[in-house]
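Have the sequence and the 3D view open while you read.

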Amino acid sequence: MPVLLTLLAALIASGVCAYHRTSLRTWAIATIVATLVVGLLAHAPWTMAILLIVELAIALPLLLVDFRRKQISLPLLKLFAKVTPKLSETEQTALEAGTVGFEGELFSGKPDWHELLKQPKPELSVEEQAFMDGPVEELCSMIDDWQITHELADLPPNVWEFIKKNRFFGMIIPKQYGGLQFSALAHSAVLQKLNSMSATVASTVAVPNSLGPAELLLHYGSDEQKNHYLPRLAVGEEIPCFALTGPYAGSDATSIPDVGIVCRQVVNGVETLGLRLTFDKRYITLAPVATVVGLAFRMFDPDHLLGDKEDLGITLALLPRSTPGLEIGRRHFPLNIPFQNGPVRGKDVFAPLSVLIGGPDMAGHGWRMLVECLSVGRAISLPSNATGGMRASALATGAYARMRKQFGLAVARFEGVEEALARIGGLTYATAALSRATAAAVDRGEKPAVPSAIAKYHATEWARQIAADTMDVHGGKAVQLGPKNYAGRGWSSVPIAITVEGANIMTRSLMIFGQGAIRCHPYVLKEMQALSIADRGEQLKVFDRLLFGHIGFGISNAVRSLAMGLSGASIGETAGDAYTRRYYRKLDRYSAALALCADVFMGVLGGKLKFKEKLSARLGDVLSYLYIASAMLKQYEDNGRPESDRPFLAWGFHQCMWLIQNALDGAIRNFPVRPVAWLLRALVFPLGRREVPPSDRLGRRVAALLTAPNEALDRLTDWVYTTPTPNNTIGRMKALLPDVIAAEPVDRKFGKALKSGQFTSHDYLGQLAEAQQAGVISEAEADLLRRVREGVFEFISVDDFDTDELRAFKTRADAA
Ligand SMILES: Cc1cc2nc3c(=O)[nH]c(=O)nc-3n(C[C@H](O)[C@H](O)[C@H](O)COP(=O)(O)OP(=O)(O)OC[C@H]3O[C@@H](n4cnc5c(N)ncnc54)[C@H](O)[C@@H]3O)c2cc1C
């Protein structure tokens, strides 16, 4: 017993120090003192002596810094230099572009919640709100999505004009150039509202405000280029597109075979230095209507007209549509969502050097320019469009499920439908929080490389889930296309968002953890950078400090993960109030588990981890769900901790924890070095896997919030276009819902009388009249039932067509 007590005292002292991340010196003192005191009190002199020798043998070499550097750090530095994979230029550029925000805390194993909670609540300015209430409302009232998607395969001229005139294409352009200079939040709000009406309109507006000519010019353009293009882009006098992708370069965009050869050519009698461009691009959004084409190509100078270098690398240019030889105008047809999209080609097209963005000095810097700007657009466009669609789906599906009756009940009452409604509510809440968090990060001046990948992937994946649930709950109503169908086009559009701006499989498998691990980790990138310090003495000093910091960090994460796993994350100082504290504790636990696994995976697999995409993807999932759960908590705090939001928050949060557990379990289960996996399992899941998905009861509460007007639903569906204009079925459904609910008890009364067989009429209106006459229901109640029946009939109705009406295109035979 005395032996055990002494051992335990040393272990507890070490564990507490590791848990709280004390310095090495504090650890040594605390452990030695604990061993001495308990050893003496418990009368265990031999155990105490042996333990003290071990403790001193560990502590002394580590505390003698010179000795430690030469004998431990130096050999490890040499080994590290040998095993560290050399980063390609592309990877180096990707890692250097962008900033690290709160996601860095999630990788720390001990997130500082104050950092998150002190961030100001993101809000629209008065001017931005006025734009939402004015031009955005008006634009929504003009949209007829069936006309756009089926009849015209384009926006009608008045919508194009309105968009241009009201500077929807200039949201990111500063006011000095005539743009709106909106915050990222406002930009996101506009897209969300537009997408609640039409994916085609939202995509059309999103593209010029995302990565493309305006963004690139703002950062790298010469003054002349800015002054020429930005004011025209702001008012839609110029329509931009950006052409990177081609038949041979999709996800691997750096492999573009398109070239620009520096040459001289006589133009209008004057010898001009320029480029001979040959390119074949496809999938380019807005290309068919573009007046200026942003082009990425590889630039070569074989005759050394600019300098010594022959292969200058990826370079960006802006080609006016009038450039002779530029082939543009034909269209692709992306899944019946007919925003303008098509190929751009050219063979030996001559353009002067002035077309280079930023001029000849920026030649060869194209990839860096793209990657540096990519995160901002990616954080806004697709996550916002996805969120807008999900919010609209939540509103429409909740209302529809309450209005649509089968087996004598609103379909929302069936548990199977309730399950789908709960997913719609919970995932919409989570996605809205995620999209808001990345917009807020951009507004703080961050270039959120990792969060933008998280947001792009999860917002679009969850939009796919919600689109499927929306279709299922609506049944045939959503399958039959036509003006009355508000769900089918949203469902068709989802794969587009999944594919663009980094196709989702690659985003998950390669980018989220691949970049997150190196960027957000407090030591890894710094250790890699230490390898390039030229001064050997300085290099060893820096590496030594990082190495021992890193070892302490790893030990601390192992202890924290184990301790919080054993306590079920129920103890420890953290943020939040009586309701949310347990949530923050869970995040603390899984943050430590992620940091531990990331270190072990990288340490054991080294550069091979890059090719173990299934492992990397799962660790990326853990980081993603930690980020999303934090974003939900921040949203809840910013909204003043509304009690009515709790079912959404709880559903989203438990879903994230369940998914984190599955991801960690999958990663450990498939880790190839089995003894390491066993150890990790003991540290991460000491009491087994105890997270469970959101309960059925919780799901019922979420579904209930979607099927009746309430303030939580209003917040969830903020920025959906709800004005009950003739073109807006969802808005009109929302307007009718209170009547539908008020009619339910009357309908029950009426139904009971109907069952008793006291009426002779066989049609609904006749039966109503009889019920009123018999005093079963009042006149006002009969009117209500009539009004609701008529209103609901419109919403459950679908369209039908003559064959000729459906023949939107000439057949090949006709065309010939
Ligand atoms: C409607 C639409 C609009 C677009 N607009 C533009 C535009 O305006 N400008 C522009 O330049 N481009 C545009 N694109 C191109 C878009 O960015 C590419 O489609 C995208 O980058 C993927 O390329 P790909 O379609 O050739 O797929 P591929 O590269 O062929 O990929 C096929 C699959 O393999 C996966 N994959 C590839 N590499 C990896 C890897 N290393 N690890 C794991 N999985 C991997 C991908 O995730 C994908 O699932 C658009 C595309 C579409 C469909």
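A quick word on the ground rules: residues are numbered from 1 along each chain as its sequence is written, and side-chain values use heavy atoms, with hydrogens and water left out. This is a predicted model, with local features needing pLDDT of at least 70, side-chain atom pairs counting only at pLDDT 80 or more, and totals for chains, interfaces and linings using all residues.

**Around the ligand**

Which residues come nearest to the ligand? They are Phe-242, Thr-245, Ser-251, Tyr-283 and Glu-613, out of 20 residues around it. Being near here means that one of the residue's heavy atoms lies within 4 Å of the molecule. Sorted by class, that shell has twelve nonpolar, six polar and two charged residues. For those classes, Ala, Val, Leu, Ile, Met, Phe, Trp, Tyr, Cys and Pro count as nonpolar, Asp, Glu, Lys and Arg as charged, and the others, Gly among them, as polar.

| Backbone N or O atom of | Ligand atom | Distance |
|---|---|---|
| Phe-242 | nitrogen | 2.8 Å |
| Leu-244 | oxygen | 2.9 Å |
| Met-506 | oxygen | 3.1 Å |

On its own, the ligand has 970 Å² of accessible area, and the protein covers 69% of that. These areas come from the Shrake-Rupley method with a 1.4 Å probe. Which elements give two or more residues to the shell? They are strand E1 (240-243), strand E3 (270-285), helix H19 (488-499) and helix H20 (504-520). Helices (H or I, at least four residues) and strands (E, at least two) are DSSP runs, numbered from the N terminus.

**Rings and charges**

A pair of aromatic rings is described by the distance of the centres and the angle of the planes. The structure holds 19 aromatic pairs. Rings of Phe, Tyr and Trp (its six-membered ring) pair up if their centres lie within 6.5 Å; planes under 30 degrees apart count as stacked, over 60 as edge-to-face and the rest as tilted.

Why is the pair of Phe-407 and Phe-414 edge-to-face? The ring centres are 6.0 Å apart and the planes sit at 90°, so Phe-407 and Phe-414 get that label. Phe-407 counts as exposed, at 79% relative accessibility, while Phe-414 is partly exposed at 26%. For these labels, buried means under 20% relative accessible area, exposed over 50%, and partly exposed in between (1.4 Å probe, protein chains only).

Phe-750 and Phe-759 make a stacked pair, with 6.3 Å from centre to centre and 20° between the planes. Both Phe-750 and Phe-759 are buried. Elsewhere, Phe-131, Phe-162, Phe-168 and Phe-182 form one aromatic cluster.

The charged end of Arg-68 sits over the ring of Phe-548, 4.4 Å from its centre. Arg-560 lies over the face of Tyr-19, at 4.6 Å from the ring centre. The test for a charge over a ring is that NZ of Lys or CZ of Arg is within 6 Å of the ring centre and within 35 degrees of the ring normal.

Most residues other than glycine have a negative phi, and most peptide bonds are trans. Asp-348, in strand E7 (residues 341-352), has a positive phi near 50°. Its relative accessible area is 43%, so Asp-348 is partly exposed. Arg-641 also has a positive phi near 50°. Look for Arg-641 in the loop between helix H24 (613-638) and helix H25 (646-669), where it is partly exposed with a relative accessible area of 36%.

Now for sequence against space. Arg-21 is partly exposed, at 29% relative accessible area.

Thr-580 lies in the loop between helix H22 (536-566) and helix H23 (581-605). At 0% relative accessibility, Thr-580 counts as buried. Thr-580 and Ala-650 are 70 residues apart in sequence and 9.4 Å apart in space, C-alpha to C-alpha.

Terms used
A polar contact is a pair of N or O atoms within 3.5 Å; within protein, one must be able to donate a hydrogen and the other to accept it, and residues adjacent in sequence count only if both atoms are side-chain atoms.
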